[in-house]
Amino acid sequence: MLENIEILVSQIIVMFLLMAVGYVCFRLKYLSNDGAGQMSLILTRIVAPCVIIDSFQREFDPALGMSLLAAAGCAVLAMGLSIVVSHILFRAGSKHTNYGDKRMCVVFTNCGFMALPLLDALYGSYGLFLGSAFIAVNNVLLWSYGVAQLCPDTPRAQKIRNALINPGTVSLVIGLIFFLTPLNLPEIPATCVSYLASLNTPVAMIILGAFLAQCDLRSCFRDKQVYFVTALRLLILPLITLVIFLLLPLDSTLRNTMLISAAAPVAMACSMFGQVYGTDYLFSTRAVAVSTILSAITIPGLIALTGLLGG
């Protein structure tokens with residue numbers, strides 16, 4: 001357990017150093033806001049799907065299949081809990097005029113940008129394999145439930161189409177085809193996919209650094225509602241999720257993988273979607289910035305706690 005904590009802390013330090021590169025590049029105007037946006041598109045549309053497909057390049061094993069199903073169930077459980085809590089605390093028509101943005105920040109985690117590099121460092125391709133289940137559930141809910149919170153007038157057919165056809169679910173289906181059948185990518189395309197997948201950590205962290213460079217961190221840390229949402233996202237909900245996971249017959253790797261995904265900071269998609277749909281995206285931006293910084297403390301603490309309680 002101590003070894004895992006050391007690996008986790010080391011990886012978080014590396015990630016924050018990479019974020020510092022992005023921060024400096026933006027401040028020195030080596031990277032513009034448009035450039036960061038274009039890199040984000042490459043990451044979400046090409047690199048992240050390659051990570052999922054690459055993690056499924058393995059021989060089928062019934063035990064692995066059951067682990068994947070269990071991971072998906074854990075993801076549904078964790079995100080379902082977040083949805084229930086967010087609806088209780090942030091009601092429509094209450095003092096929270098930006099209730100949709102706050103619900104988004106509580107429910108959706110940065111399980112792709114932040115969690116995947118940590119899972120890769122701790123558990124290698126097996127961690128990425130399990131983490132892909134959380135990403136798939138996250139993406140389906142983001143394009144259905146998430147869009148409904150920010151744009152209630154979106155037609156039902158559009159919500160269903162968005163939930164089913166997006167980079168995360170498409171790449172998961174492709175990966176499952178390779179995992180469940182004798183088919184495998186030929187060596188040259190497989191090498192290309194592997195190279196693209198290896199870009200996930202550095203590109204994601206550089207984008208996050210450029211993103212933080214655009215935030216007024218002083219104003220971020222003065223917003224009490226940001227603290228409240230961040231506490232829910234990083235501490236309260238992960239702790240409740242941990243208790244539930246400890247009551248279930250999960251092995252430690254599966255439990256820790258799902259806990260890291262569930263305890264990741266607020267998803268960047270919350271501010272990006274808020275900007276697209278004309279809601280309070282600046283609040284989401286502040287929540288992303290504060291939760292990303294504080295997650296360097298909370299995630300190792302949660303993994304240490306789960307090690308003490310569950311082995």
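Student: Which helices each supply at least two residues of the lining of the largest cavity?

Tutor: Helices are DSSP runs of H or I with at least four residues, numbered from the N terminus. A cavity, on a 1 Å grid over the protein atoms alone, is a set of points where a 1.4 Å probe fits but cannot get out, and lining residues have an atom within 4 Å of a point. Here, H3 and helix H11 (224-247) each give at least two lining residues, and H11 gives the most, with four. This is a predicted model, where local features need pLDDT of at least 70 and side-chain atom pairs count only at pLDDT 80 or more, while totals for chains, interfaces and linings use all residues. Residues are numbered from 1 along each chain as its sequence is written, and side-chain values use heavy atoms, with hydrogens and water left out.

Student: How many cavities of 30 Å³ or more are there, and how much space lies in the largest?

Tutor: A volume is the space filled by probe spheres set on the grid points, which are joined across faces, edges and corners. The structure has one cavity of 30 Å³ or more, and the largest cavity holds about 40 Å³. Its lining includes Ala78, Phe134, Thr241 and Ala262.

Student: Is Ala78 buried or exposed?

Tutor: Buried means under 20% relative accessible area, exposed over 50%, and partly exposed in between (1.4 Å probe, protein chains only). Ala78 has 5% relative accessibility, so it counts as buried. Ala78 sits in helix H3 (residues 62-89).

Student: Which residues is Ala78 in contact with, leaving aside neighbours within four places in sequence?

Tutor: Contact means heavy atoms within 4.5 Å. For Ala78 the partners are Phe134, Thr241, Phe245 and Ala262.

Student: And what is the volume of the largest pocket?

Tutor: A pocket is an open set of points with protein on both sides within 12 Å along at least five of seven lines. The largest one has about 1200 Å³. It is lined by 48 residues, and Ser40, Thr44, Met268, Ala269 and Met272 are the closest to its centre.

Student: Which helix gives the most to that pocket's lining?

Tutor: Helix H2 does, with ten residues. H13 is among the helices that each supply at least two.

Student: Which residues of H13 are buried?

Tutor: In H13 (residues 268-277), they are Met268, Ala269, Cys270, Ser271, Phe273 and Gly274. Just after H13, look for Gly278, with a positive phi of about 75°.
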